[in-house]
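Q: I am new to this structure and would like to learn how to read its features one at a time. Could we begin with the terms and then turn to the residues?

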Amino acid sequence: ETQNSILIRPSEPEDDSGIQTLYLEAFETDEEAIIFRIASFELELISLVAEEECQIRGHILFSMVQHDPDSDLRITGLAPMTVLPGRQNQGIGSMQVRKGVEACRRKKFDALVVLGH
């Protein structure tokens, strides 16, 4: 999905450093950067970046939520998510959410929970 010059695409391993930097710039603590780093080892991960002019402007992460092991219910959690501080309130975050929800549907998740604010 694109809006003006923004491209929402799956993240690649070479994006990890830029994503880490983005979280450190956008939040007062390093908690979100740590969540991203830990979650990046998960198999059922949906990790998307908002890219503009070959620069990462935003990131969104969906990962499996632990639940009753006897249940077939597949639940994913949205967290963390950010947009570069100077590019917030311009629709980039909304684009990331829409594209992420589409990816969750394609992976046949039964439910989505949002963690955080």
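A: Helices (H or I, at least four residues) and strands (E, at least two) are DSSP runs, numbered from the N terminus. Ser63, for example, lies in strand S4. This is a predicted model, in which local features need pLDDT of at least 70 and side-chain atom pairs count only at pLDDT 80 or more, while totals for chains, interfaces and linings use all residues. Residues are numbered from 1 along each chain as its sequence is written, and side-chain values use heavy atoms, with hydrogens and water left out.

Q: Is Ser63 buried or exposed, and with which residues is Ser63 in contact, leaving aside its neighbours within four places in sequence?

A: Buried means under 20% relative accessible area and exposed over 50%, with partly exposed in between (1.4 Å probe, protein chains only). Ser63 has a relative accessible area of 13% and is therefore buried. Contact means heavy atoms within 4.5 Å. Once neighbours within four places in sequence are set aside, the contacts of Ser63 are Glu42, Glu44, Leu45, Ile75, Thr76 and Gly77.

Q: How should I read a helix such as H2, and which residues of H2 are buried?

A: For a helix, the arc is that of the directions from the helix axis to the C-beta atoms. In H2, which covers residues 31-39, the buried residues are Glu32, Ala33, Phe36 and Ala39. They lie on the same side of H2 because they cover an arc of only 140° around the axis. Glu31 and Ile38 are exposed on the face of H2 that is turned away from its buried side. The buried residues of H2 pack against helix H1 (16-26), strand S3 (46-52), strand S4 (55-64) and strand S5 (75-83).

Q: Which residues of H1 are buried, and what do they pack against?

A: In H1, Ile19, Gln20, Leu22 and Tyr23 are buried. Their arc around the axis is only 160°, which puts them on the same side of H1. The partners against which the buried residues of H1 pack are H2, S3, S4 and S5.

Q: What can be read from Ala79, and what kind of peptide bond joins Ala79 and Pro80?

A: Ala79 lies in strand S5, where Pro80 is also found, and the peptide bond that joins these two residues is cis, with omega about -5°. Ala79 is buried, its relative accessible area being 15%. Not counting residues up to four places away in sequence, Ala79 touches Ile35, Leu61 and Leu115. Between the C-alpha atoms of Ala79 and Tyr23, which are 56 residues apart along the chain, the separation is 12 Å.

Q: Where in the structure is Glu53, and where is Lys108?

A: Glu53 is in the loop between S3 and S4, and its phi is near 50°, a positive value in a residue other than glycine. At 64% relative accessibility, Glu53 counts as exposed. Lys108 is placed in the loop between H3 and strand S6 (111-114); although Lys108 is not a glycine, its phi is positive, at about 65°. Lys108 is exposed too, with a relative accessible area of 62%.

Q: Which residues does Ser47 touch, not counting those up to four places away in sequence?

A: Ser47 lies in strand S3 and counts as buried at 11% relative accessibility. With residues up to four places away in sequence not counted, Ser47 touches Arg9, Pro10, Ser11, Phe36, His59, Ile60 and Leu61. The C-alpha atoms of Ser47 and Ile60 are separated by 5.9 Å, although these residues are 13 apart along the chain.
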